[in-house]
Amino acid sequence: MSSPVAQKVSLLGLDHEALVQWCAQLGEKRFRATQLYRWIHQRGVADFDAMSDLAKSLRAKLHEQAQVQALPVLAEQVSRDGTIKWLFDVGQGNAVEAVFIPERDRATLCVSSQAGCAIGCRFCSTGHQGFSRNLSSAEIIAQLWYAEHTLRRRFARDERIITNVVMMGMGEPLQNYGQLVPALRTMLDDNAYGLSRRRVTVSTSGIAPMMDRLSQSVPVALAVSLHAPSDALRDQLVPLNRKYPLAELMAACRRYLQYAPRDFITFEYCMLDGVNDSDAHARALVELLSGAPGGARQDTGWCKLNLIPFNPFPDSGLKCSKPQRVQAFAQVLLEAGIVTTVRKTRGDDIDAACGQLAGEVQDRTHALVRMQRQRQPAALQAAVQAAPETGPAMAPGPAYRLETNA
Ligand code: SF4
């Protein structure tokens, strides 16, 4: 028999309209749902008794039927640079992470969407842990709810602290679409976190049909994990490429652009020593991107490249590109007119890089075993060797901007 607590509705997971409908079932008017929504998300209140402008009768119903449940925090690590990583318990031996990254002009929260990940990108520590389950919309929003209100209390501030959210933590968000969308709606809602669509970024490994769906329902900013300029190499680094190869992915990006709030798409490119970081790879990347939108050559204004220094982890068998190589790679892109940034490494002392998180998951679906079977070191080697020769070394170029994504 399930416990009464388990039967309660988890209000964190309801977007505004869903909460209005749920309250209507209790016989409550729309404005009551809005009040409740504001108490929860704008003021960070979980105790229904503290919601002083709600009628006693409504509070009694809420006690009986609903809950605002934070995720238990297993650990918190604070970096010298102000980055904070939280490890949240999502039950049954699974943990997920959220990372707060403060900067001069913004403060970003990197949020997880799944416990583990089934995509199995070669360079990603999450991908090496296997996959357990999708997070619920309540568990996704609970990361933002906890971070925002914990930090407000800690810094004794009334106004908003987190200005940007990036869905770049553990998991492929578009494989958890049904739970992702209500969470995104709450992030954007003026009665909750009130973030603009430009300031909420979904990062995907390239599930083309789901990118189309997102463009129709909640077209937030989009980041695409690219990591290779050719199908042969990307097949090895991002196994999903075998299902949605580059031509299909680029076409989906072009379609998304019609709805993208920033009028550009950010491409993430993890710099891997001797694998994808030669000048020849950079030139191939320019060719791929400059030819993408509508086939118009030399059109590079529709995208941005974010070069990510690889964060090594045990058994990856990969190394980070040398700083000079990253700079030379960036210069090829900059000279082609592609806005290129190199992600600053943040939270080095706490191992907090987004997308390379170190939470533990129970690999329930045995995704890890399948991925390991599919991984063929010889195939990666062959793909690397098939790439064009590295061109002549390039002189140090113009300084590129150093910043985190979004
Ligand atoms: S990079 Fe993203 S999609 Fe790829 S394995 Fe890691 S979490 Fe999954």
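Where is the place of Cys117? Cys117 sits in the loop between strand E7, residues 114-116, and strand E8, residues 131-134, where helices (H or I, at least four residues) and strands (E, at least two) are DSSP runs numbered from the N terminus. Before I go on, please keep in mind that this is a predicted model, in which local features need pLDDT of at least 70, side-chain atom pairs count only at pLDDT 80 or more, and totals for chains, interfaces and linings use all residues. Residues are numbered from 1 along each chain as its sequence is written.

The "binding site" annotation from UniProt, an unreviewed entry, covers Cys117, Cys121 and Cys124; UniProt positions are given in the numbering used here, feature names are shortened, and annotations may be inferred rather than shown by experiment. Cys124 is likewise placed in the loop between E7 and E8.

Why does Cys117 count as buried? Because it has 28 C-beta neighbours inside 10 Å, and a residue is buried if 20 or more other C-beta atoms lie within 10 Å of its own, exposed if 12 or fewer, and partly exposed in between, with C-beta atoms placed from the backbone. Cys124 counts as buried too, because it has 26 such neighbours inside 10 Å. Leaving aside residues up to four places away in sequence, Cys117 touches Thr126, Gly127, Phe131, Met170, Gly171 and Glu172, a contact being a pair of residues whose C-beta atoms, placed from the backbone, lie within 7 Å.

Now to helix H2, residues 16-25, in which His16, Leu19 and Cys23 are buried. Seen down the axis of H2, these buried residues fall within an arc of 60°, so they line one face of the helix; the arc is that of the directions from the helix axis to the C-beta atoms. As background, an α-helix has 3.6 residues a turn, so residues three or four places apart point the same way. The face of H2 turned away from its buried side carries the exposed residues Gln21 and Gln25, while the cover over the buried residues of H2 includes helix H3, residues 30-41. After H2 comes Gly27, whose phi is positive, near 85°.

Finally, the protein as a whole. It has 13 helices and 15 strands, and of its 406 residues, 46% count as buried. Among contacts between residues at least 6 apart in sequence, 71% join residues at least 24 apart.

Methods
Contact = placed C-beta atoms within 7 Å.
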